[in-house]
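Hello,

Here is the structure I promised to pass on to you. Have a look at it first, and then read on for what turned up in it.

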Amino acid sequence: MDIKKNNVKICVVGAGNIGSAMARGLAKSGVDVSVYNRSAGRLKAFDGMDGISCTTSLADALKGCGIVLICVEGDAVVPVAREIASLYGERKPIVGSCAAAIALDELKASLVDAHGDAPQVFRLLPNIAATVGQSANLLCGSGLSSDMLDKLKKLFACTGATVEVPERLFPAAMALSSCGIAYALRYVRANMLAGVQMGLSPEVAKELASAVLCGTSALLDAGDVHPEALIDRVTTPGGVTIRGLNAMENGGFSASVVSGLLATLK
């Protein structure tokens, strides 16, 4: 089934940074979204937005929803899931969680109803770039067909790239997708420091570094090309680029990046 064409309604539980980003992205892509938040204050940000209805009643938010996306802090996921389990209608929705520390088994156990039945569940882990529609989302599911997982990938692509990853590899994938934001920003900061030392203003150095990251991403997305092959295109014999690369490697650039990513698993 095509989720959008069949008008499946999605309930976003929690209107924090991630919940708000997911709700806005889904609504802009044409999906009918219901947003629940315990307090009304954060819901005011959605005033006047097409495709989004807001409520402080979880029961009202869940009505008619085929998919529920829990976007609350990790320690609140299980209590919220249990409340959702007490409010099922005639048909259970598919339920997903955006919490990094809640495994599929724990999520599913929290959603068991009075008859001992649980819905199909999935994990969707965005990063902070979801707030600008450029997240790197991780996805895995339990009890879902490969076809449905493909549809969920397409559905959540409205907030950025969505990649299906086995749950056992989530920690490794998180190192690249979530922690990687900080590492990329540190690279930008280093560019700015060097740019200022060479006479550029911090603003110009930041703009150039940001543009280079965007252009690099576009080159990688344009075809199935290994990064090293792209590097070869811009390094000429005896040129300044290869000198810079060698100086960085002498300083342990690649080794430091690998060590930093591996450290996140500890």
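The buried residues of helix H7 have helix H6 (170-177) and helix H8 (202-221) among what covers them. Helices here are DSSP runs of H or I with at least four residues, strands are E runs of at least two, and both are numbered from the N terminus. Buried means under 20% relative accessible area, exposed over 50%, and partly exposed in between (1.4 Å probe, protein chains only).

Before going further, please note that this is a predicted model, in which local features need pLDDT of at least 70 and side-chain atom pairs count only at pLDDT 80 or more, while totals for chains, interfaces and linings use all residues. Residues are numbered from 1 along each chain as its sequence is written, and side-chain values use heavy atoms, with hydrogens and water left out.

Back to H7, then. This helix runs over residues 179-197, and its 19 residues reach 28 Å from the first C-alpha to the last, close to the 27 Å expected at 1.5 Å a residue (the expected span is 1.5 Å times one less than the number of residues). Which residues of H7 are buried? They are Gly 180, Val 188, Met 192 and Gly 195. These cover an arc of only 130 degrees around the axis, so they sit on the same side of H7; the arc is that of the directions from the helix axis to the C-beta atoms. Arg 186 and Gln 197, on the other side of H7, are exposed. Just after the helix, Gly 199 has a positive phi of about 110 degrees.

H6 has its own buried residues: Phe 170, Ala 173, Ala 175 and Ser 177. Their cover includes E6, E7, H7 and H11. Pro 171 is also in H6, but it counts as partly exposed because its relative accessibility is 43%.

You will see it in the loop between strand E6 (121-125) and strand E7 (135-142), and at 13% relative accessibility it counts as buried. Leaving aside neighbours within four places in sequence, Ala 129 is in contact (heavy atoms within 4.5 Å) with Gln 134, Ser 135 and Ile 181. Ala 129 and Ser 177 are 48 residues apart in sequence, with 9.9 Å between their C-alpha atoms.

How many salt bridges does the structure hold? There are four, a salt bridge being a side-chain nitrogen of Lys or Arg within 4 Å of a carboxyl oxygen of Asp or Glu. One of them joins Glu 167 and Arg 123, with the closest N and O atoms 2.9 Å apart. This pair links distant parts of the chain, 44 residues apart: Glu 167 is in the loop between strand E8 (160-164) and H6, and Arg 123 is in strand E6. Glu 167 counts as partly exposed at 27% relative accessibility, whereas Arg 123 counts as buried at 6%. Another salt bridge is formed by the side chains of Lys 63 and Asp 60 (3.3 Å, N to O).

Finally, the overall picture: the protein has 11 helices and eight strands, and buried residues make up 37% of its 266 residues. The C-alpha atoms fill a box of roughly 70 × 40 × 35 Å, taken along the principal axes.

Enjoy exploring it!
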